[in-house]
Amino acid sequence: MSPPLDEWATDRDSPLSGAGFWRCIMACHSKVGQQIARKRVEQGIKLFNQQRHQEAVAKWKEALRKIRREQDRFITLGYLCQAYMHWGKYRELVELAFQQLDIANSMEDNVLRAEAYLNLARGNERMGALDSALQYCRHSLYSQCDQSRTTGQVHLCLGNIYVTYSNFSKAIEHYELALKVARSIRDVGLELLIYVGMGQVFNVLKDYGKGLQLVAKAFELSKSFQICDLNMRHQRLALLHLVTPLRKLGRMSEAYECCQDALRMALEAGDRPLNARGLCAMGDILRQKSDGQRAYRRYEAALQMLTDMEDAFGRVLALDGMAKSISLLCRQKKVCDCKPLEAYTRLLDAVTNCGSKLLLRNTHQQLSGIYTALGDDENARLQERLSSVLTEEMELYCAVCNQPLGQEPGNSLEALPCSHIFHQQCARELMAKGERRKKKRICPQCRKTVNSRMMFVCYDDVKYDGHYPAFLANNTTHVQTPDHPL
């Protein structure tokens with residue numbers, strides 16, 4: 001028999017009482033709302049993989065307004081960080097990463113804290129705040145000590161930071177640590193990015209043959225992904241980084257083809273950072289073809305995009321290309337002799353703030369040549385002294401023969417297991433000397449004992465794997481050494 005109506009009102013613990021009824025309704029409504037929010041997140045992932053990025057972000061933002069569970073909010077913020085990284089909106093990425101960090105701290109979860117610090121490091125690295133990025137990377141490593149994907153990504157980020165700093169041995173050290181993580185957890189995507197970074201190191205040091213091999217390996221790895229968007233994203237990145245070694249090796253048609261494909265794929269995917277870097281690469285190709293005016297326009301378009309994205313190092317690369325294009329036009333008598341000085345002075349201001357010692361040294365060298373041509377010997381000597389100081393600070397010399405590294409194209413380089421770089425011939429002589437005398441092999445730079453391997457783990461399956469793209473099969477090319485630096 002049901003209780004009288006007046007008893008329903010007084011029995012507050014009953015599920016059908018006034019308060020109990022509304023609690024039930026609200027609990028059901030909240031549960032349904034969370035299920036809908038999770039559905040929106042899943043829909044966003046599918047849309048993002050279909051390159052419908054704007055729609056994906058709209059879904060994630062809608063879900064974020066409804067999600068109550070802290071861990072789910074953290075994950076959704078991570079998807080948004082990925083999207084903003086893809087668009088080149090680095091300041092917004094940093095803001096989202098700080099929200100992630102607040103959640104991780106409130107949950108006292110070191111794993112989430114490490115990921116939040118990683119996103120903060122990525123955003124700051126792109127905006128040129130290298131010291132902050134370095135600190136965030138260290139905080140991430142302190143928060144998480146296991147061999148997880150986050151740890152590998154942190155070492156990758158540290159490698160990229162040290163490349164910008166022009167500390168190439170340190171960069172190699174962190175790339176190797178990242179590679180060990182990638183192979184231990186079988187993360188092909190991370191491994192691909194490491195090969196791209198390593199290729200960049202050797203391209204900067206003008207060993208274009210090794211740079212080409214490493215990036216070609218990355219290109220092959222990009223074909224192993226099943227998800228379409230991930231496949232295309234890594235392919236266009238590898239294609240873009242193939243441009244420099246191919247161009248420097250004199251293989252201009254292949255460099256142009258790679259650059260065109262990378263630009264087309266970036267435009268289709270809305271990948272603004274890679275699109276801007278692709279314009280710089282196309283400017284390099286046109287400049288090497290002595291088409292200074294068209295090259296300048298490509299750099300100018302890239303500069304506008306990179307400035308909008310607050311990509312500090314990318315902006316310096318665009319300004320560097322613009323200055324070199326103006327120098328080319330000056331040699332062709334198409335602009336007056338004062339224009340290169342204006343362009344390189346503007347570049348000098350930007351390079352000084354970005355942290356790249358190598359670019360700063362090269363800028364001082366160019367200014368020295370310009371002042372000499374203008375008859376200003378005092379400023380020329382000053383720029384030459386500043387260039388020499390930076391060369392000493394970077395320690396860009398072979399500790400065996402005491403000759404500079406990365407000055408002349410065509411010199412093959414090697415890295416010992418301790419990550420220090422030498423001329424290939426010098427490194428082999430060092431190893432052979434230890435073999436003949438049956439003594440321990442000692443790195444002359446750090447005095448550490450090294451084993452018989454000429455190269456560390458990163459090269460183990462690069463030199464003779466036989467899986468390079470078809471258009472890279474013929475590698476019997478010479479290094480182009482133009483009369484004027486390009």
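**Helix packing and ring pairs: group meeting talk**

So, α6 and α8 run roughly parallel to each other, where roughly parallel means an angle under 35 degrees, with over 145 being roughly antiparallel, 65 to 115 roughly perpendicular and the rest oblique. Before I go on: this is a predicted model, so local features need pLDDT of at least 70, side-chain atom pairs count only at pLDDT 80 or more, and totals for chains, interfaces and linings use all residues. Residues are numbered from 1 along each chain as its sequence is written, and side-chain values use heavy atoms, leaving out hydrogens and water.

Back to that helix pair. α6 covers residues 110–126 and α8 covers residues 149–165; the packing angle is about 20° and the axes are 10 Å apart. Helices here are DSSP runs of H or I, at least four residues, numbered from the N terminus. The axes are lines fitted to C-alpha atoms over the stretch in contact, with angles from 0 to 180 degrees between N-to-C directions. α6 passes α8 in a left-handed crossing, meaning the near helix is turned anticlockwise from the far one by less than a right angle.

Who makes the contact, with contact being heavy atoms within 4.5 Å? On the α6 side we have Ala114, Glu115, Leu118, Ala121, Arg122 and Glu125, and on the α8 side Thr150, Gln153, Val154, Cys157, Asn160 and Ile161. That splits into 6 nonpolar, 3 polar and 3 charged residues. For the classes, Ala, Val, Leu, Ile, Met, Phe, Trp, Tyr, Cys and Pro are nonpolar, Asp, Glu, Lys and Arg are charged, and the others, Gly among them, are polar.

Next, helix α14 (residues 272–288) and helix α16 (residues 312–331): their axes come within 10 Å and cross at roughly 20°. That makes α14 roughly parallel to α16, and this crossing is left-handed.

Now the rings. Phe, Tyr and Trp rings (six-membered ring for Trp) pair if their centres lie within 6.5 Å; planes under 30 degrees apart are stacked, over 60 edge-to-face, the rest tilted. By that rule we get 5 aromatic pairs. In one of them, Phe48 and Trp60 have ring centres 5.7 Å apart and planes at 35°, so the pair is tilted. Phe48 sits in helix α2 (residues 18–49) and Trp60 in helix α3 (residues 53–66), 12 residues apart. Both are buried, which is under 20% relative accessible area, with exposed over 50% and partly exposed in between, for a 1.4 Å probe and protein chains only. Ring pairs link Phe48, Trp60 and Tyr79 into a cluster.

Methods
Helix = DSSP H or I, 4+ residues; strand = E, 2+ residues; numbered from the N terminus. Contact = heavy atoms within 4.5 Å.
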